[in-house]
There are 2 protein chains.
Amino acid sequence: MNGDRSGLARVLAPRSVAVVGASPTRKGPATTVLANLRAAAAPPAAYAVNNRYAGHDGFHASVASLPEVPDVVVVAVPAGAVSDVVREAADCGTGSFLVLSSGFAEAGEEGRAREAELKALALERGLTVLGPNSLGVFNFASGVHLTFGTVIGGHVPAADEVGRAALIVQSGAIGSYLTGMAKPRTPFRYMFSTGNELVLTAGDLVAHLARDPEIDVIALYIEGTDDGRALLEAISLAGSLGKRVVLLPAGESAASSRAAASHTAAMASSNVLTRMLAANAGAFTADTPEELLGTVAVLLGHGEPRAPGVGIVSVSGGAGVITADRLAEAGLEIPEPAPETVERLRAALPGFVVPGNPTDTTAGAVYDPSIMVGALGALAGDPGVGQLITLMGAGGEHAPAIAAALIEAAPKLAKPNQLVWQACPEAVRPVLAAGPVPVSPTLANAVGVARALCRPGPVRAEDAADDGPLPDLAGLAPDGGGFLTESQSRELLRSAGLPIAAAAVLGPDAEHGFALDSAVAFPVAVKLQAAGVRHKTEIGGIVLDVRDEDELREAVRATAAAARERVPGIAIEGWTVEQMAPRGVEVLLSARHDPAYGPVVLAGSGGVQAELIGDLWAMAAPIGPDAARELLARTKVGRVLSGYRGRDTDLGPLCAVIARLSGLVARLPRIREIECNPVIVAGDGTATIADSLVELADSRS
Amino acid sequence: MNGDRSGLARVLAPRSVAVVGASPTRKGPATTVLANLRAAAAPPAAYAVNNRYAGHDGFHASVASLPEVPDVVVVAVPAGAVSDVVREAADCGTGSFLVLSSGFAEAGEEGRAREAELKALALERGLTVLGPNSLGVFNFASGVHLTFGTVIGGHVPAADEVGRAALIVQSGAIGSYLTGMAKPRTPFRYMFSTGNELVLTAGDLVAHLARDPEIDVIALYIEGTDDGRALLEAISLAGSLGKRVVLLPAGESAASSRAAASHTAAMASSNVLTRMLAANAGAFTADTPEELLGTVAVLLGHGEPRAPGVGIVSVSGGAGVITADRLAEAGLEIPEPAPETVERLRAALPGFVVPGNPTDTTAGAVYDPSIMVGALGALAGDPGVGQLITLMGAGGEHAPAIAAALIEAAPKLAKPNQLVWQACPEAVRPVLAAGPVPVSPTLANAVGVARALCRPGPVRAEDAADDGPLPDLAGLAPDGGGFLTESQSRELLRSAGLPIAAAAVLGPDAEHGFALDSAVAFPVAVKLQAAGVRHKTEIGGIVLDVRDEDELREAVRATAAAARERVPGIAIEGWTVEQMAPRGVEVLLSARHDPAYGPVVLAGSGGVQAELIGDLWAMAAPIGPDAARELLARTKVGRVLSGYRGRDTDLGPLCAVIARLSGLVARLPRIREIECNPVIVAGDGTATIADSLVELADSRS
């Protein structure tokens with residue numbers, strides 16, 4: 001962060017604000033900011049500044065002409081004039097700026113130049129700047145909003161309706177909706193729209209709010225970041241200070257197109273990494289704005305679940321079953337109640353009801369609210385239940401009594417609880433919305449929130465630096481970088497001490513005969529090599545399970561013919577002949593430099609189905625073998641390997657490979673990516689890299 | 001269906017109704033039914049019957065004592081008295097019954113006996129019976145409801161507020177919520193709660209409604225069925241008559257526990273089959289009640305999408321990106337707009353906006369509703385866009401104008417469109433709810449509905465009967481049925497002409513030496529055989545890639561030692577020594593008798609990760625090779641095998657295996673299940689069953 005922390009504190013509690021760009025006649029952002037400011041119960045001194053209207057009542061020609069140095073200058077002038085306004089105000093002594101103007105980096109070449117100029121100015125003068133292209137800041141605690149946005153649809157929450165969360169968004173509109181959806185109570189004390197993040201980034205704000213004693217939960221909407229490591233450090237810092245961070249990442253589906261050049265398109269782009277790396281730093285992750293809100297509400301009310309299971313109490317058996325189905329699909333547990341819980345349920349429920357989870361109270365609960373409250377209390381007391389979902393429906397004339405009972409019971413449950421009330425009578429809605437039980441708009445949303453609440457948690461293993469020998473990259477891909485040939489990739493990995501199946505290389509004339517290295521034993525895999533061909537299966541360039549020299553000769557002929565047919569004029573460089581790796585579980589490993597997050601390592605299910613399985617998790621590199629084990633534990637394939645269906649594979653060799661790969665990419669910035677797919681993990685744990693692809697950056701860069 | 005169709009027609013339009021079990025003093029189901037009946041604009045003659053209150057004003061002692069034979073008798077007496085009431089009314093000539101009473105099969109042994117008695121009576125007399133344990137029937141078209149449920153929270157929709165859908169539910173509560181959630185307009189003309197389905201099943205009602213000229217869409221909530229084939233036939237019939245069926249299946253997560261005895265727990269229970277088999281019959285499938293409602297609303301409004309892509313128009317870039325992310329995650333396409341669409345978007349959008357999909361109208365659309373309408377029109381005209389999602393948020397004072405514009409534009413789009421309006425101003429909600437654009441309560445719900453709208457569609461291939469030779473099951477598992485040993489399973493499949501890798505069998509004394517059949521070539525897989533051991537990997541009973549006789553001797557010793565350690569006292573029967581199948585893609589195939597659906601065949605991703613991948617699709621058996629190809633097309637592994645990443649495997653051999661397995665299970669009822677996992681499909685398409693498990697029913701049964 002540039003600018004001092006006190007600069008941001010002034011944005012949240014300014015004594016005086018200049019709003020530059022206001023107009024006495026035209027509606028516009030600056031005018032709305034002034035109106036919002038002046039609507040506060042205890043407004044700061046607010047000055048309208050516009051040199052075109054200096055003569056008008058209450059208008060000032062410039063910041064310099066104000067009777068005092070304003071704590072904050074809000075800039076809402078055309079983009080081309082912003083730098084001058086900021087410079088003049090900085091000359092007067094103002095250090096905190098909120099730039100609402102758009103027309104910067106988001107608006108093409110000219111805008112980028114303007115943004116660079118403004119950034120240079122801000123850095124040179126040590127200014128605190130939020131924006132440009134920001135919607136501003138909401139402060140629901142003081143009512144002093146610095147924004148041209150709609151403040152909760154005009155509703156001004158009372159002091160006791162403001163929660164202990166803060167919201168940071170990289171899209172002003174999303175921030176505005178999130179605050180508007182949460183009324184009448186708002187979980188958010190502040191909302192910050194970061195805009196183009198010229199100076200203050202989302203990470204800076206997280207780090208600031210992590211130290212705010214009024215804030216327990218920090219909610220984040222992230223579309224991208226230039227400095228991912230700083231964001232992750234801020235999330236970790238917040239966690240270490242006892243704050244919970246809830247993240248809604250966006251732009252994840254761009255992965256497929258952006259990563260198309262990679263060997264396996266399952267590879268993650270920066271935006272996909274955000275979710276995984278933030279979770280590794282301890283964040284909760286939500287999938288939609290509604291889930292973000294629900295997660296924040298639950299965390300503010302009852303903290304996070306301390307057991308993995310979900311308890312379901314439903315007035316309708318069907319709704320309970322559907323909820324259980326969707327929870328199971330999301331990977332959550334719906335535990336059988338413990339014997340004591342069953343007894344407590346039996347005491348709470350009508351005689352003919354079979355206690356269980358889901359608990360079906362049957363329709364009798366509509367007439368006697370104590371049934372549902374008793375069932376909730378019983379399930380809440382179960383050691384396997386970390387959180388609850390209560391399902392009500394309709395209720396007619398009995399609805400208000402049930403709502404009152406649920407609201408009264410909520411604090412006693414002492415576990416996170418969400419309420420889904422389908423076909424809720426209109427009269428009951430506002431009562432519920434004002435109560436302590438987070439109400440989920442749909443059954444699926446409650447399931448999404450329940451999933452978000454079960455965060456994987458921060459990575460526990462200590463970093464361990466890789467100190468193995470580094471391979472020599474000199475002379476490889478000298479012309480502007482690019483993908484190495486298969487044999488170059490293999491040689492690089494072998495020289496780095498990584499386990500590669502034994503192999504021989506046949507030259508381009510192998511079609512006319514060859515002599516095979518005796519170190520290679522059959523069966524072998526034969527792979528045609530040609531510059532520029534990455535997806536060898538697509539040109540028929542691979543034959544597996546070649547059992548003797550006759551079959552090998554045939555495989556060389558067949559792959560050459562197939563490749564020439566599919567890529568006319570292809571320049572065949574030769575063939576690699578690899579001893580078939582032992583059978584086993586196929587794992588995909590990748591170590592790469594990400595533009596936003598720097599070196600990262602990924603692991604997941606490998607093989608030809610890798611992309612369809614979509615099982616990948618990432619960690620910031622380098623990591624040691626212990627963290628590699630945690631990385632695997634966050635993947636499906638890791639669960640297959642360890643303890644699933646009686647398997648209990650020694651993960652040591654695979655973890656060593658992961659750690660080494662992560663070290664290589666972290667220590668050799670010229671490596672853009674090393675992808676190994678598949679790595680074959682045999683029953684005894686032996687890990688063998690069966691195929692790999694390495695991309696280097698230009699050696700001159 | 002038992003009972004004639006006219007009996008059901010009378011339930012929907014009774015001229016006279018007797019309600020047995022009503023009380024002049026106590027509130028209860030029968031009293032509510034009478035009140036609901038009498039609230040109709042044109043109520044039928046409604047008679048209160050209760051022999052305890054025969055003296056009271058308006059009460060009759062029995063159906064026999066009524067002045068006319070009622071079209072329908074509603075029974076709400078204690079379970080033990082139901083048969084007598086029905087018999088007496090049948091004696092009088094009534095043929096249509098609605099039994100609301102509970103206490104039947106859902107209530108233990110005594111209840112099951114009562115239900116059997118009532119069923120025998122109904123069948124003997126040819127009665128039309130809905131229930132028992134039914135919530136009744138809503139008829140929103142006539143307002144003549146036969147129910148003790150809450151009718152849309154008391155709201156009585158006008159004639160033009162009633163849609164052309166019907167709802168059939170196996171949980172009265174869900175039905176009541178669904179009708180309550182859909183107000184003020186209701187998509188549903190009728191709602192039927194089927195209760196215990198003594199006579200009338202959900203399938204019967206589908207078949208009846210398929211012929212109702214007032215009905216276009218049939219919505220179904222299914223928790224289970226005794227006669228799955230009848231349900232599927234009814235769904236197919238509805239499709240052939242131009243009706244659309246939307247299904248919400250429940251109880252799918254029970255699969256894991258119920259199928260625990262199976263080889264691979266990914267195996268499907270009846271309830272999991274419902275979703276797949278109904279989709280094969282042409283149904284749309286939803287995941288939650290809210291998604292069911294949304295899907296029905298879209299289908300009623302604009303039918304189903306005719307292209308796979310989704311177009312997104314969003315007033316907030318962020319909301320559009322999140323929606324695209326979730327759509328992509330759900331497997332839906334978000335196509336790039338065609339060049340003409342880009343031009344039309346450019347004309348509709350402000351100059352600085354880059355046309356695309358998602359289309360970000362930017363906040364300017366709040367001030368000028370024509371921007372959003374223009375963008376919607378442009379995307380709707382794109383040939384790749386089959387349906388649209390419109391994202392609005394907040395809007396303040398401009399919200400009513402935008403709502404009006406969207407409502408006006410809806411009919412012209414001529415493509416399914418859903419609206420998500422986050423933080424919608426209160427005043428606008430009812431306007432939207434009454435309008436023609438289906439409003440989705442959350443972003444995730446709109447995505448769920450979009451997915452449900454993209455049904456796989458009915459299976460096109462004609463059935464082809466398997467006419468291969470049948471293996472001899474005599475003498476196998478004679479004592480009460482059960483799992484065959486591995487060698488029995490192999491022999492059975494081999495004798496049925498299925499492709500099994502070459503194998504030899506070693507006896508229990510192989511630890512002390514053996515002579516190997518020369519037909520088996522190394523490398524081989526060694527599998528220990530012992531009665532009752534199904535998950536051989538769990539006891540260390542499998543060694544793969546054994547390369548010579550020395551390794552084989554070692555493998556025999558090692559597996560014996562591991563098995564004895566993990567299962568003390570294990571009776572080792574020997575070892576199978578199988579030639580390793582060629583490498584390739586691992587597929588899981590299963591053919592089984594399902595209690596509800598009869599013979600079915602399933603295919604999906606196989607191997608040790610099969611359960612984690614969760615990629616299975618089912619078809620009713622038998623199927624021919626063409627249908628097998630369609631089955632594979634509905635699986636992820638099918639996409640891997642055909643045309644994905646340059647692969648274009650000949651599916652012929654695998655389809656032949658699928659067809660043969662489906663024929664075996666269909667023709668030999670003693671086969672409970674044949675599971676093959678993995679079936680290895682090599683690059684040339686050769687399919688080899690590498691492992692199999694067969695379970696037989698008792699030969700005496």
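## Basis of the model

The model is predicted: local features need pLDDT of at least 70, side-chain atom pairs count only at pLDDT 80 or more, and totals for chains, interfaces and linings use all residues. Residues are numbered from 1 along each chain as its sequence is written, chains are lettered from A and ligands numbered from 1 in the order in which they are written, and side-chain values use heavy atoms, with hydrogens and water left out.

## Domains of chain A

Chain A is split into domain 1 (1–149), domain 2 (157–301), domain 3 (305–453), domain 4 (502–579) and domain 5 (584–696). These bounds come from an automatic or database domain assignment. Between domain 3 and domain 5 of chain A, the C-alpha centres lie 40 Å apart.

## The parallel sheet

Four strands of chain A make an open sheet. Their order is E15-E14-E16-E17, with parallel pairing. Helices (H or I, at least four residues) and strands (E, at least two) are DSSP runs, numbered from the N terminus. Two strands pair if DSSP finds at least two bridges between them. E15 (359–360) and E17 (417–422) of chain A are the edge strands; each has a single partner, so one side of each has no neighbour in the sheet.

Strand E16 (residues 385–393) of chain A runs parallel to E17(A), and six bridges join them. Thr390(A) stands opposite Leu419(A) in E17(A).

## The helix across the sheet

Helix H14 (residues 369–380) of chain A lies across E14 (309–314), E15, E16 and E17 of chain A. Its angle to E16(A) is about 160 degrees. Axes are lines fitted to C-alpha atoms, for helices over the stretch in contact (heavy atoms within 4.5 Å). Angles run from 0 to 180 degrees between N-to-C directions.

## Positive phi in two loops

Thr362(A) is not a glycine, yet its phi is positive, about 60 degrees. Thr362(A) sits in the loop between E15 and helix H13 (364–367) of chain A. Thr362(A) is buried, at 19% relative accessible area. Buried means under 20% relative accessible area, exposed over 50%, partly exposed in between (1.4 Å probe, protein chains only).

Ala423(A), also not a glycine, has a positive phi of about 55 degrees. Ala423(A) lies in the loop between E17 and helix H16 (428–434) of chain A. Ala423(A) is buried, with a relative accessible area of 13%.

## Cis peptide bonds

The bond from Ala621(A) to Pro622(A) is cis, with omega near 5 degrees. Pro622(A) lies in the loop between strand E25 (616–620) and helix H21 (625–633) of chain A.

In chain B, the bond from Asn357(B) to Pro358(B) is cis, with omega near 5 degrees. Pro358(B) is in the loop between helix H12 (339–348) and strand E15 (359–360) of chain B.
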